[in-house]
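Take a look at the structure below. This report goes through it part by part, from a loop to the ligand and the residues around the ligand.

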Amino acid sequence: MIPGIRLVLLGKQGAGKGTQASYLARHYVVPHVSTGDMFREAVREGADLGRELKSYMDAGELVPDDLVIRLVVERLGRPDADRGFVLDGFPRTRPQAEALDQALDSRDGVEAVVNLLVPDDVVMRRLSGRRVCADCGANYHLEERLPREEGRCDQCGGRVVQRDDDTPAAIARRLALYAEATAPLVDFYRERGLLVEVDGLGTPIEVFDRLVKAVETRLGRA
Ligand code: AP5
């Protein structure tokens with residue numbers, strides 16, 4: 001039986017965290033905990049929380065730490081996270097990384113932190129061409145993968161749209177915030193001996209194979 005894992009994915013916006021996290025979660029049979037997906041679901045549900053989150057996300061700003069931390073700690077406390085988790089998009093600031101340590105204090109901590117490496121010009125191309133299904137979240141790309149019927153999702157027939165934060169202004173802001181608030185976490189985890197750096201170029205399957213090998217080697221299971 002495949003062992004579980006407690007893994008964090010770091011990497012710029014568009015590095016492929018969401019894509020790889022969903023493959024990894026299936027591979028290790030653990031939940032894929034994506035703060036971006038959690039927030040988009042809350043936005044779809046409406047209500048005050050959704051409206052508050054949308055105002056930050058559309059502008060490419062970070063959601064305040066206390067709110068993010070509360071939602072993630074609650075999520076990691078559910079029974080399906082006992083076997084482990086793949087964290088995608090969290091932590092993104094030093095206070096979030098410290099809160100994660102604290103939340104895992106009474107159980108086993110994070111085993112590995114992957115930094116997916118992709119140059120800026122590639123992430124810009126991936127994000128500006130990205131289209132998503134408004135209903136099921138399936139990903140498409142203007143240059144590489146269009147839905148068979150224009151504007152309709154192949155998987156569920158939902159509307160295929162551009163994410164509100166994939167505009168040039170919001171992408172620029174998200175990348176600036178990554179450099180300022182999130183990139184310092186690379187050293188934070190390197191100093192703890194948890195960091196694994198993986199080249200994020202190539203097809204999603206090529207990146208996945210590389211990533212699993214690197215993680216298994218890091219854990220001494222390869
Ligand atoms: P979130 O949804 O996490 O967005 P993000 O960080 O901007 O990341 P992306 O989804 O844009 O990129 P990704 O690295 O996941 O790449 P993906 O696999 O999708 O967060 C959205 C917002 O929520 C934030 O801006 C913030 O406001 C808020 N938020 C979330 N977490 C927060 C936190 N902890 N604290 C505060 N605020 C928070 O791939 C991108 C594209 O590239 C796709 O089209 C994909 O198909 C394509 N692609 C992927 N891999 C490859 C490949 N190997 N080759 C070619 N194309 C590829």
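Valine 29 sits in the loop that runs between H1 and S2. The model is a predicted one. Valine 29 is not a glycine, yet its phi is positive, at about 55 degrees. Is valine 29 buried or exposed? Its relative accessibility is 54%, and exposed means over 50%, so valine 29 counts as exposed.

## Strand S2 and valine 33

Strand S2 covers residues 32-34. Valine 33 belongs to this strand. With a relative accessibility of 2%, valine 33 counts as buried. Buried means under 20%.

Which residues does valine 33 touch, leaving aside neighbours within four places in sequence? The contacts are Met38, Arg75, Leu76, Phe85, Val86, Leu87 and Asp88. Alanine 21 is twelve residues from valine 33 in sequence. Their C-alpha atoms are 8.4 Å apart in space.

## Helix H2 and its two faces

Helix H2 spans residues 35-45. Four of its residues are buried: Thr35, Gly36, Phe39 and Ala42. An α-helix has 3.6 residues a turn, so residues three or four places apart point the same way.

What covers the buried residues of H2? The cover includes strand S2, helix H3 (47-58), helix H4 (65-76) and strand S3 (85-88). The face turned away from the buried side carries Arg44 and Glu45, which are exposed.

Alanine 47 lies in helix H3. Its relative accessible area is 48%, and alanine 47 is partly exposed.

## Around the ligand

How many residues surround the ligand? There are 32. The closest are Thr19, Thr35, Glu61, Arg92 and Arg174. By class, the shell has nine nonpolar, twelve polar and eleven charged residues. Three helices each supply at least two residues of the shell: H1 (17-28), H2 and H6 (120-129). H2 gives the most, with four residues.

Now for some atom-to-atom distances. A backbone N or O atom of glycine 14 is 2.8 Å from an oxygen atom of the ligand. For glycine 18, a backbone N or O atom lies 2.9 Å from a ligand oxygen atom. Glutamine 96 uses its side chain: one of its N or O atoms is 2.9 Å from a nitrogen atom of the ligand. On its own, the ligand has 1,000 Å² of accessible area, and the protein covers 93% of this.

## Glutamine 96 and its neighbours

Glutamine 96 is found in helix H5, which spans residues 94-103. Its relative accessible area is 3%, so glutamine 96 is buried. Setting aside residues up to four places away in sequence, glutamine 96 touches Asp65, Val68, Ile69, Phe90 and Pro91. With aspartate 65, the contact is polar: side chain to side chain, at 2.9 Å. Threonine 203 is 107 residues from glutamine 96 along the chain. Their C-alpha atoms are separated by 31 Å.

Two of these neighbours, Phe90 and Pro91, are joined by a cis peptide bond, with omega at about 0 degrees. Proline 91 lies in the loop between S3 and H5.

## Glutamine 20 in helix H1

Where is glutamine 20? It lies in helix H1. At 3% relative accessibility, glutamine 20 counts as buried. Its contacts, apart from neighbours within four places in sequence, are Leu9, Leu116, Pro204, Val207, Phe208 and Leu211.

How values were computed
Residues are numbered from 1 along each chain as its sequence is written. This is a predicted model: local features need pLDDT of at least 70, side-chain atom pairs count only at pLDDT 80 or more; totals for chains, interfaces and linings use all residues. Side-chain values use heavy atoms; hydrogens and water are left out. Buried means under 20% relative accessible area, exposed over 50%, partly exposed in between (1.4 Å probe, protein chains only). Contact means heavy atoms within 4.5 Å. A residue is near a molecule or strand if one of its heavy atoms lies within 4 Å of it. A polar contact is a pair of N or O atoms within 3.5 Å; within protein, one must be able to donate a hydrogen and the other to accept it, and residues adjacent in sequence count only if both atoms are side-chain atoms. Accessible areas come from the Shrake-Rupley method with a 1.4 Å probe; for residues, only the protein chains shown count as cover. Ala, Val, Leu, Ile, Met, Phe, Trp, Tyr, Cys and Pro count as nonpolar, Asp, Glu, Lys and Arg as charged, and the others, Gly among them, as polar.
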